[in-house]
2 protein chains.
Amino acid sequence: MTAKNAFYAQSGGVTAVINASACGVIETARQHTDRIANLYAGRNGIIGALTEDLIDTSRELAESIAALRHTPSGGFGSCRYKLKSLDANKREYERLIEVFKAHDIGYFFYNGGGDSADTCYKVSQLSEKMGAPIQAIHVPKTVDNDLPITDNCPGFGSVAKYIATSTLEASFDVRSMCATSTKLFVLEVMGRHAGWIAAAGALVADQGIPVVTLFPEIEFDQDKFLAAVEAKVEEHGYCSVVVSEGCHWPDGRFLAEQGTRDAFGHAQLGGAAPVVANMVKEALGYKFHWAVADYLQRAARHLASKSDVEQAYALGKAAVEYALQGHNAIMPTVVRRSSDPYVWEVGQAPLSEVANVEKFMPRDFISEDGYGITDNCREYLYPLISGEDYPPYQKGLPRYVTLKKVAVSKKLGPFEL
Amino acid sequence: MTAKNAFYAQSGGVTAVINASACGVIETARQHTDRIANLYAGRNGIIGALTEDLIDTSRELAESIAALRHTPSGGFGSCRYKLKSLDANKREYERLIEVFKAHDIGYFFYNGGGDSADTCYKVSQLSEKMGAPIQAIHVPKTVDNDLPITDNCPGFGSVAKYIATSTLEASFDVRSMCATSTKLFVLEVMGRHAGWIAAAGALVADQGIPVVTLFPEIEFDQDKFLAAVEAKVEEHGYCSVVVSEGCHWPDGRFLAEQGTRDAFGHAQLGGAAPVVANMVKEALGYKFHWAVADYLQRAARHLASKSDVEQAYALGKAAVEYALQGHNAIMPTVVRRSSDPYVWEVGQAPLSEVANVEKFMPRDFISEDGYGITDNCREYLYPLISGEDYPPYQKGLPRYVTLKKVAVSKKLGPFEL
């Protein structure tokens with residue numbers, strides 16, 4: 001069997017551990033140079049493949065590749081670029097396969113969420129039709145934890161650990177202040193459609209913290225919400241609120257869309273957190289503080305979950321191993337065998353069943369009143385945030401790696417995106 | 001010499017390490033029961049003294065007191081309650097001294113910022129006049145780092161480490177995304193008058209990150225700022241902005257005050273970060289993300305600076321030792337002997353020179369263009385964020401302590417605040 005080259009790309013919003021998957025892919029490929037001659041990475045994701053802007057990963061030192069394991073963000077660059085359907089833009093898919101052919105690429109490892117699983121699946125199908133079959137393996141990644149079949153997605157455990165820890169810390173803070181000052185703390189977290197990240201904030205209730213959680217899965221009811229907050233403040237003197245960015249009114253409008261305009265008629269600038277905080281202030285008069293974690297949560301490699309890092313690496317490694325075993329159009333998955341003690345192993349799912357399916361919080365993970373989580377959810381979440389995996393530090397700051405990213409010589413003409 | 005009791009209280013906004021100072025005070029007092037019979041803490045700060053709501057710290061286990069060292073927030077509760085001047089409200093000071101007298105308190109340890117240094121000083125003066133002299137020692141605490149004489153304030157190093165790390169991580173994130181998506185990331189940090197925290201974000205420039213920092217010490221110039229951001233994006237493809245909440249226009253208005261009104265005429269809800277982000281978007285068209293760290297930054301014990309924790313403890317310990325040596329109306333300070341290697345020792349300052357003095361960033365710590373920091377500033381900052389001091393974890397979350405806070409029996413009648 002002759003060696004082929006491999007292509008790897010990062011897709012969509014990056015995470016604290018997507019580079020750990022890259023590390024797993026590259027280190028494993030380097031152990032099989034008889035089958036995988038070289039591994040090229042797409043500069044800025046799939047755009048790098050379309051424009052033939054490939055990075056020669058063999059030019060990176062082994063220690064740089066190893067350091068990807070503890071470096072957040074996308075080391076090769078990512079992109080938000082969804083390939084259209086085959087019918088709408090067959091040209092793009094054909095270009096991909098043309099580039100892969102020109103660089104003798106036989107393996108396609110695509111590290112992303114639902115959209116990229118779909119792209120990956122189509123590349124596999126079309127390449128076969130075009131007589132240049134490519135084994136396409138999808139490596140799951142998303143902080144939103146919304147991919148089906150896999151028990152969880154690499155990237156989620158670390159953001160969950162960060163949000164749970166931050167909610168705990170800020171709640172201790174407001175508890176200290178509530179006698180004369182702040183009584184309400186609101187933290188806005190990611191999750192436009194699924195409330196997995198918000199659920200992690202709700203874990204602090206187990207430590208006696210009064211917390212009200214607002215999920216995108218539950219329609220917002222202002223009166224009921226205010227009553228819930230008031231009850232917590234009456235009992236505890238303070239309350240924390242974790243609001244998902246996707247929390248919305250019954251008519252579908254996000255809380256963040258208040259129709260607010262500034263003097264120039266520009267739309268309101270804030271997010272859901274200030275809206276919720278001001279709503280409580282007006283109704284109940286509590287002094288508040290609010291935070292919007294935004295990129296801080298998904299980039300917080302300094303507080304990564306050890307199980308998340310291990311799974312991110314393991315799925316990258318498994319992707320290469322599955323490819324070498326001849327698998328195609330699949331995604332390695334996390335299969336949970338036991339929650340306590342936490343036991344998991346790597347499985348696989350056909351991409352035909354992964355692409356374009358979103359996994360929401362099951363209703364039995366959300367408490368009856370809609371503002372907390374159930375024991376089923378706790379049992380699910382705790383293993384995913386378990387363990388610490390600290391990066392090395394230098395002069396007080398994490399020592400993250402920046403790759404050289406040496407370009408591969410082009411063999412084709414330019415391509416218009 | 002007969003033993004007296006001691007009183008300890010936490011004041012103002014809490015920090016990641018104020019409890020480490022409490023730990024230093026209490027553990028040291030416990031070693032000197034021949035001189036300090038018992039140590040009472042104010043429930044919710046000085047309010048606990050005024051209302052005679054004292055906590056008996058002898059009822060806390062040694063391991064709970066030890067755990068204060070790694071627990072953020074104010075373990076005994078804090079408050080925002082500034083005593084008026086002696087002339088305006090002598091009644092409050094007299095009540096304090098009455099309570100101290102009733103509970104045989106000879107030592108007053110007050111853990112806070114500039115206002116509490118002032119209170120501490122007055123208690124010392126007045127108690128002497130009233131014939132019940134109390135040794136009053138101020139233990140410095142403030143994330144704002146704005147106290148004079150001491151090289152730095154406990155609480156600052158940890159928030160600086162958190163902001164520098166978060167800026168680094170989020171900048172790596174936006175760097176990954178900038179080819180097709182987000183080009184601007186704006187992080188809002190604390191610091192209403194002094195830009196010390198914002199300066200910590202500027203440290204990431206040393207790692208090649210394009211960052212524009214907005215200090216409260218520098219009047220905001222919109223055109224110049226936009227040009228600075230545009231130049232960074234032109235060169236690097238992206239830019240991070242660290243904006244101090246105290247950043248303001250030449251007329252003194254904070255950036256966050258945009259005069260924005262919602263449909264009901266309510267004032268704008270957001271902070272400085274969304275204002276800055278939208279300003280750039282309108283002028284330059286860049287897609288942006290923004291975060292407001294708020295309490296997350298000052299509560300982030302999970303990422304505390306080791307030197308900060310050590311200093312917080314050491315100054316608490318020194319406060320007790322100075323008191324036992326007969327000192328009065330002083331504040332233990334950090335004295336820097338060398339930056340590289342970092343060598344510091346404990347010194348002391350008279351409260352008469354500390355009270356009501358604010359320390360701003362020196363102009364030679366801010367780069368000429370006003371958007372970055374100088375080598376002097378770097379040399380100052382790096383030692384303060386050096387070293388890690390992780391809390392213990394259980395089930396994936398930091399294991400912070402909640403004290404029992406058993407009340408001391410009251411001996412006096414009620415007091416109206």
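Q: How many residues of chain A are in contact with chain B, and which element gives the most?
A: Counting two residues as in contact if their C-beta atoms, placed from the backbone, lie within 7 Å, 65 residues of chain A are in contact with 66 residues of chain B. With 13 residues, H6(A) gives the most to this side of chain A, where helices (H or I, at least four residues) and strands (E, at least two) are DSSP runs numbered from the N terminus.

Q: Why is chain A called as compact as a globular protein of its length?
A: The radius of gyration, taken over C-alpha atoms, is set against a globule rule of 2.2 Å times the number of residues to the power 0.38. Chain A has a value of 23 Å, close to the 22 Å that the rule gives for 417 residues, so it is as compact as a globular protein of that length. Its C-alpha trace spans about 70 × 50 × 45 Å along the principal axes, and chain A holds 13 helices and 13 strands.

Q: How are residues and chains labelled, and which pLDDT limits apply?
A: Residues are numbered from 1 along each chain as its sequence is written, while chains are lettered from A and ligands numbered from 1 in the order in which they are written. As the model is predicted, local features need pLDDT of at least 70 and side-chain atom pairs count only at pLDDT 80 or more, whereas totals for chains, interfaces and linings use all residues.
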